[in-house]
Amino acid sequence: MPSHASPFRQTHPEDAPPPTPMDAVTEARYREAVQCLKQIIEPVLKRDMVSLGMVRNLRVVDDYISLRLYVGQHQHYLRQVVLDRLHPLPWCKKAYVQLCTIPGVRTTLAISSGKGGVGKSTTSVNLATALSLQGARVGLLDADVYGPNVPQMLGINPVEVSLVDTPEGQRFLPLEAQGIKVMSVGLLAAPDHPLAWRGPVLHKIITQFIHEVAWGDLDYLLIDLPPGTGDAQITIIQESPICGVLLVTTPQQVAIADVRRSIHMFRRVGIPVLGIVENMSYLLCGHCGEPTPIFGSGGGQQLAEELQTPLLGQVPIDPLLCAGGDAGTPLTLAYPNSVPAQVFRQIAAALDHTFAPVPIEA
Ligand code: ADP
């Protein structure tokens, strides 16, 4: 296993993509604004805001700058820091900074995969449990519109989602299971009916879903993304203040090719890839303890090296993981000392090491 000192700081996200074509003056101003923003170092993650994917929709129109700032609840002060940096630019009459945050949520992380069936939801549920066992307040948003099975994995029966009145308006009330707050896109559909949303309807529902849940105070919100690189994924990642994404894959080549595409997509939109979780890496013999790499070996490691992102953990095939999912009690809770649970707990510890609150320097 690689060092877990801080997966976040080892990543190499590319800079924000160039925006739509612009004239020479505007482009020079745009670049100047980006350079200014790159001077702002987020104190916990110790990286500049642009490479952390916090700055999005940056526009320069004549003498005006506008941008969206995707941050956690504890980082609202960064808005003023940004304004203080941009306003001294000699040509800048005014800068507009729109804060995009999920109320109450400190750190939002996404779990993604190139294709379905590789263990993304299993990873989300067990990671959420591992973080919760460490004492964190955790929420899990099941946004997998193609296979929302998180509620079942946490033993939540299909129920009517309740609404609650808040000062900001009506919000969905998350359910709670195993100490984790849960909201699933699957709870919005009738049981046994596929979610047949497409295009603008899908976009609207997902956006509402992300912003209209009364989470209360959370240290971590994990978002279980739909697999692949389609419209639903893009909508979610563009609408959420995601601090980083974990990619789940199996060691097989096909799954690996898909995950490569996903990593490029995240980097294109400026979301840091925290690392790869290789699932179903091997089968442990129940008698002699010998590992057998059923789906091949070395795929995750190879991909991690090629894409310069850490391999965060290798989860073995374990019938108890499957049974835990079916029974609604995650393995990490039922068997915290099992090998898969140890891998999830190590990843959770690494995440906490990176994202846990530290005093903000003046
Ligand atoms: P995805 O979210 O990527 O579609 P799931 O997490 O739903 O995948 O997993 C698909 C199936 O494989 C589930 O039945 C799950 O219990 C099982 N599974 C996932 N990972 C493992 C593993 N490491 N060992 C045994 N079964 C697993």
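Arg 171 sits in strand S9, which covers residues 169–172 of this predicted model. Leaving aside residues up to four places away in sequence, Arg 171 touches Ser 162, Leu 163, Val 164 and Thr 166, along with His 211, Glu 212, Val 213 and Ala 214. The side chain of Arg 171 does reach a backbone oxygen, that of Glu 168, at 3.3 Å.

Now turn to the charges that do pair. Side chains of opposite charge can pair when their charged atoms come close. By the rule used here, the count is eight salt bridges. One of them joins the side chains of Arg 29 and Asp 63, at 2.9 Å from N to O. This pair links distant parts of the chain: Arg 29 belongs to helix H2 (residues 24–38), while Asp 63 is in the loop between strand S3 (55–61) and S4, 34 residues apart. Asp 63 has 21% relative accessibility, so it counts as partly exposed.

Asp 144 and Lys 120 form another salt bridge, at 3.1 Å from N to O. Asp 144 lies in the loop between strand S7 (138–142) and helix H5 (150–153), and Lys 120 in helix H4 (residues 120–133), which puts the two 24 residues apart. Both Asp 144 and Lys 120 are buried.

A further salt bridge brings together Arg 260 and Glu 306, at 2.7 Å from N to O. Because Arg 260 lies in helix H8 (residues 253–268) and Glu 306 in helix H9, the pair ties together parts that are 46 residues apart in sequence. Arg 260 is partly exposed, at 21% relative accessible area, and Glu 306 is partly exposed too, at 43%. Shared partners also make a network of salt bridges, which joins Arg 29, Asp 63 and Lys 93.

Finally, let us visit the surface. Leu 283, Ile 294 and Phe 295 form a nonpolar patch there, with about 230 Å² of accessible area together. Phe 295 is placed in the loop between strand S15 (291–292) and helix H9 (299–306), and its 30% relative accessibility makes it partly exposed. In another loop, between strand S4 (64–70) and helix H3 (78–86), you will find His 74, which is partly exposed at 23% relative accessibility.

Conventions. Residues are numbered from 1 along each chain as its sequence is written. This is a predicted model: local features need pLDDT of at least 70, side-chain atom pairs count only at pLDDT 80 or more; totals for chains, interfaces and linings use all residues. Side-chain values use heavy atoms; hydrogens and water are left out. Patches are made of residues with over 30% relative accessible area and no salt bridge: like charges are joined within 9 Å, nonpolar side chains (Val, Leu, Ile, Met, Phe, Trp, Tyr) within 5 Å. Accessible areas come from the Shrake-Rupley method with a 1.4 Å probe; for residues, only the protein chains shown count as cover. A salt bridge is a side-chain nitrogen of Lys or Arg within 4 Å of a carboxyl oxygen of Asp or Glu. Helices (H or I, at least four residues) and strands (E, at least two) are DSSP runs, numbered from the N terminus. Buried means under 20% relative accessible area, exposed over 50%, partly exposed in between (1.4 Å probe, protein chains only). A polar contact is a pair of N or O atoms within 3.5 Å; within protein, one must be able to donate a hydrogen and the other to accept it, and residues adjacent in sequence count only if both atoms are side-chain atoms. Contact means heavy atoms within 4.5 Å.
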